[in-house]
Amino acid sequence: MLAKINNILHYFKSKFPKITKITLISVYLIFLAGAVVRMTGSGMGCPDWPKCFGYLIPPTSEEQITWQPNKGFKKGMIIVKDETLFVAQNDIKTSKEFTASNWEKYTKHDYAKFNKYHTWTEYINRLASVVSGFVFIFLILGSIKYWKEKKSITLLSFFALFLMGFEAWLGKTVVDSNLKPTIITIHMVVGLLIIGILLYLHFIVSERKNTFKYNALFNKLLIFSVIFSVIQIAMGTQVRQFIDEQVKQFGFDNKQYSLLNPSFKFYFHRSFTIAIVLVNFGMFYLNQIKDLGYKLVNWIVFLIFLETITGILMYYAEFPIGTQAVHLLAGAILFGLQFYLWMQSRKSTSTKLV
């Protein structure tokens with residue numbers, strides 16, 4: 001038995017570089033799913049967590065979550081009655097009249113609406129997290145055999161799994177708080193931290209076929225670019241929350257009012273793009289004239305261009321469909337590429353430029 005377990009662990013260790021890639025992709029899929037949720041305004045599509053209206057598989061019609069006479073409900077199921085959420089206290093079958101003692105008001109928030117498209121969009125977002133959780137188990141299995149030769153790989157893998165659990169708890173807190181801006185920002189930043197850990201794990205276990213020329217100025221600019229991206233993404237979540245509040249006030253179809261009287265955070269987010277462009281184009285220029293050989297710089301410039309274009313479209317063209325999702329996902333990928341490039345550009349992994 002022990003021999004079989006040992007063989008399984010050896011197998012996962014041999015596949016560890018590939019597993020880190022798959023795990024990273026699964027996390028980015030969560031970012032994409034989350035971006036679609038924000039884009040469609042589906043964040044409260046499920047009022048509870050981890051179930052959805054008390055169901056493992058969400059309801060598909062309003063009838064399923066509306067109180068009706070002579071209808072059965074399982075314990076924990078949520079209904080909407082008189083624009084209020086109620087939770088079944090036990091397995092019950094309703095009578096002709098609503099019996100208040102069988103139900104308890106859902107007090108975590110007062111969002112009592114049902115839209116099947118929003119509900120299933122949010123549910124798919126949660127499914128993406130569940131799938132990623134299973135992938136993380138493979139990451140853990142692959143890391144165990146590294147314990148004797150490099151303990152940091154095992155420890156970081158377990159820490160990444162812990163952060164995924166923390167993210168799941170934050171997801172619940174986001175729903176319970178009715179999309180509180182501070183929690184959403186923390187949710188996003190922790191997601192970036194997980195990406196950074198996975199990229200570091202992939203970097204230290206992968207065979208490095210290329211060597212790069214070290215340039216101190218390039219490395220410093222790269223550090224600034226990573227920090228700037230984190231600030232910009234965190235600020236972007238705050239701007240997005242402002243938009244969500246506008247949507248609640250004017251309705252999701254009235255996108256022209258989404259940035260009515262924007263706050264300072266919006267102007268900071270927009271103007272800070274100038275600093276990001278200057279730093280990253282400075283890196284691009286150095287990479288070209290010094291012939292440093294960093295191909296990732298070209299992708300970074302492309303993503304910054306994509307971020308800028310989608311940002312302009314959202315502001316001036318009233319949020320064309322898909323632009324918000326592309327904007328958020330491109331920002332997360334940009335951070336990942338910048339962080340990975342920083343690891344490539346360090347003295348310990350590059351040759352000294354004379």
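Strands E2 and E3 form a hairpin with two residues between them, and Asp-82 in the turn has a positive phi of about 55 degrees. The model is a predicted one, in which local features need pLDDT of at least 70 and side-chain atom pairs count only at pLDDT 80 or more, while totals for chains, interfaces and linings use all residues. Residues are numbered from 1 along each chain as its sequence is written, and side-chain values use heavy atoms, with hydrogens and water left out. Strands (E, at least two residues) and helices (H or I, at least four) are DSSP runs, numbered from the N terminus.

Strand E2 covers residues 78-81 and is joined to E3 by four bridges, the two strands running antiparallel. Strands are taken to pair if DSSP finds at least two bridges between them. Within this pairing, Ile-78 stands opposite Val-87 of E3. Strand E3 is also joined to strand E5 (residues 103-105), here by three bridges and again antiparallel. The bridge partner of Phe-86 in E5 is Lys-105. Strand E3, residues 84-88, is mostly covered, with four of its five residues buried. Buried denotes a relative accessible area under 20%, exposed over 50%, and partly exposed a value in between (1.4 Å probe, protein chains only). Asp-82, in the turn of the hairpin, counts as exposed because its relative accessibility is 63%. Asp-82 also forms a salt bridge with Lys-81, with the closest N and O atoms 3.1 Å apart.

The structure holds four salt bridges, each defined as a side-chain nitrogen of Lys or Arg within 4 Å of a carboxyl oxygen of Asp or Glu. One of them is formed by the side chains of Glu-149 and Lys-13, at 2.4 Å from N to O. This pair links distant parts of the chain, 136 residues apart: Glu-149 lies in the loop between helix H3 (116-144) and H4, and Lys-13 lies in helix H1 (residues 2-14). Glu-149 has a relative accessible area of 55% and is therefore exposed. Another salt bridge brings together the side chains of Glu-122 and Arg-126, at 2.9 Å from N to O. These two residues are separated by about one helical turn because they are four residues apart in helix H3. Both Glu-122 and Arg-126 are buried.

A disulfide is counted where a pair of cysteine sulfur atoms lies within 2.5 Å, and by this rule the structure has one disulfide. The bond joins Cys-46 to Cys-52, with an S to S distance of 2.0 Å. The disulfide is left-handed because the torsion about the S-S bond is about -85 degrees. Cys-46 is buried, at a relative accessible area of 0%, and Cys-52 also counts as buried, at 1%.

Aromatic pairs number 21 in the structure. Rings of Phe, Tyr and Trp (its six-membered ring) pair if their centres lie within 6.5 Å, and planes under 30 degrees apart count as stacked, over 60 as edge-to-face and the rest as tilted. Among the pairs is that of Phe-166 and Trp-169, which is stacked, with 5.8 Å centre to centre and 20 degrees between the planes. Phe-166 and Trp-169 are three residues apart in helix H4 (residues 151-176), so about one helical turn separates them. Phe-166 counts as partly exposed, at 30% relative accessibility. The pair of Phe-339 and Trp-342 is tilted because the planes of the rings lie at 35 degrees, with the centres 5.8 Å apart. Both residues lie in helix H9 (residues 323-345), three residues apart, or about one turn of the helix. Phe-339 is buried, with a relative accessible area of 17%, whereas Trp-342 counts as partly exposed at 26%.

A nonpolar patch on the surface is formed by Trp-299, Phe-302, Phe-305, Ile-309, Ile-312, Leu-313, Tyr-315 and Tyr-316, which together have about 860 Å² of accessible area. Patches are made of residues with over 30% relative accessible area and no salt bridge, like charges being joined within 9 Å and nonpolar side chains (Val, Leu, Ile, Met, Phe, Trp, Tyr) within 5 Å. Accessible areas come from the Shrake-Rupley method with a 1.4 Å probe, and for residues only the protein chains shown count as cover. Tyr-315 is placed in helix H8 (residues 296-316) and counts as partly exposed, at 32% relative accessibility.
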